[in-house]
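Grab a pencil and work through these exercises with the model open beside you. Try each task before you read its solution.

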Amino acid sequence: MRQRQAAMDRRRAREFETFVAGAAGRLLHAATLLTAEPAPAAPRAQRLLTAALARTYARWDELRGEDPYDVTRQDLALRYAHGAWRTRRRTEGTLGSLRPQERVVLVLRLYEGVPEEQTAALIGLPPERVRVILARAIRRVREAAPLREAARPPEAGRTPEAAPLRKAAE
């Protein structure tokens, strides 16, 4: 019986390691967008991702057909949202100017491509409210981006129209 359990534990660990190897980069980028920290060193984003991955690993056997990426992304967004709404920490950059709720909606809808209804269910709001928050977030990013873009020297291939979305993805 112990050998069987040990074999199951090894299989579970291998499956999870494979999942992390394939998904951690994108999940870390999403966490970095949520926390609006500079990409090279993003300690809050890394802590956020580590906690979300730990919870996913703890639930690994219970997932049964659920996409582990979706489960981890959901946990990541909820952890950020609960922590950010309590602390109200301001950060630098275009995304740093957004409120936490706006940042969650913007990252889930535009970066992760989560459908509006699923985003609404995840954060506990009606879809109409998610639509309003997303529109406000996009407007605020567009307003902030030209100011930051004007401070940078022009580069080849950069158009003013693409600046807001390009800055939001950085």
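**Exercise 1. Find the residues that form one aromatic cluster, then classify the pair of F16 and W60.**

Step 1: the cluster is made up of F16, F19, Y57 and W60. Rings of Phe, Tyr and Trp (its six-membered ring) pair if their centres lie within 6.5 Å. In total, the structure holds four aromatic pairs.

Step 2: take F16 with W60. Their ring centres are 5.4 Å apart and their planes sit at 85°, so this pair is edge-to-face. The cut-offs are under 30 degrees for stacked, over 60 for edge-to-face, and tilted for the rest.

Step 3: locate the partners. F16 is in helix α1 (residues 2-35) and W60 is in the loop between α2 (43-58) and α3, so to speak a link between distant parts of the chain, 44 residues apart.

Step 4: check burial. Buried means under 20% relative accessible area, exposed over 50%, and partly exposed in between (1.4 Å probe, protein chains only). F16 has 11% relative accessibility, so it counts as buried. W60 is buried because its relative accessible area is 11%.

A note before you go on: this is a predicted model, where local features need pLDDT of at least 70 and side-chain atom pairs count only at pLDDT 80 or more, while totals for chains, interfaces and linings use all residues. Residues are numbered from 1 along each chain as its sequence is written, and side-chain values use heavy atoms, with hydrogens and water left out.

**Exercise 2. Describe how α5 and α6 meet.**

Step 1: two packed helices are described by the angle between their axes and the distance between the axes. Here, the axes of α5 (residues 100-111) and α6 (residues 116-123) come within 10 Å and cross at roughly 145°. Axes are lines fitted to C-alpha atoms, for helices over the stretch in contact, and angles run from 0 to 180 degrees between N-to-C directions.

Step 2: list who touches whom, with contact meaning heavy atoms within 4.5 Å. From α5 come V104, V105, L108 and R109, and from α6 come E116, T119, L122 and I123.

Step 3: sort them. The contact has five nonpolar residues, one polar and two charged. Ala, Val, Leu, Ile, Met, Phe, Trp, Tyr, Cys and Pro count as nonpolar, Asp, Glu, Lys and Arg as charged, and the others, Gly among them, as polar.

**Exercise 3. Is R73 buried or exposed, and which residues are its partners?**

Step 1: R73 is found in helix α3 (residues 68-87). Helices are DSSP runs (H or I, at least four residues), and strands are too (E, at least two), numbered from the N terminus.

Step 2: R73 counts as buried, because its relative accessibility is 10%.

Step 3: its side chain makes a polar contact with the side chain of D70 at 2.7 Å. A polar contact is a pair of N or O atoms within 3.5 Å; within protein, one must be able to donate a hydrogen and the other to accept it, and residues adjacent in sequence count only if both atoms are side-chain atoms.

Step 4: leaving aside neighbours within four places in sequence, R73 touches L27, L108, E112, V114 and Q118.

**Exercise 4. Compare A36 with R64.**

Step 1: most residues other than glycine have a negative phi. Phi of A36 is positive, near 60°, and R64 has a positive phi of about 35°.

Step 2: A36 is in the loop between α1 and α2, whereas R64 lies in the loop between α2 and α3.

Step 3: A36 is buried at 13% relative accessible area, but R64 is exposed at 72%.
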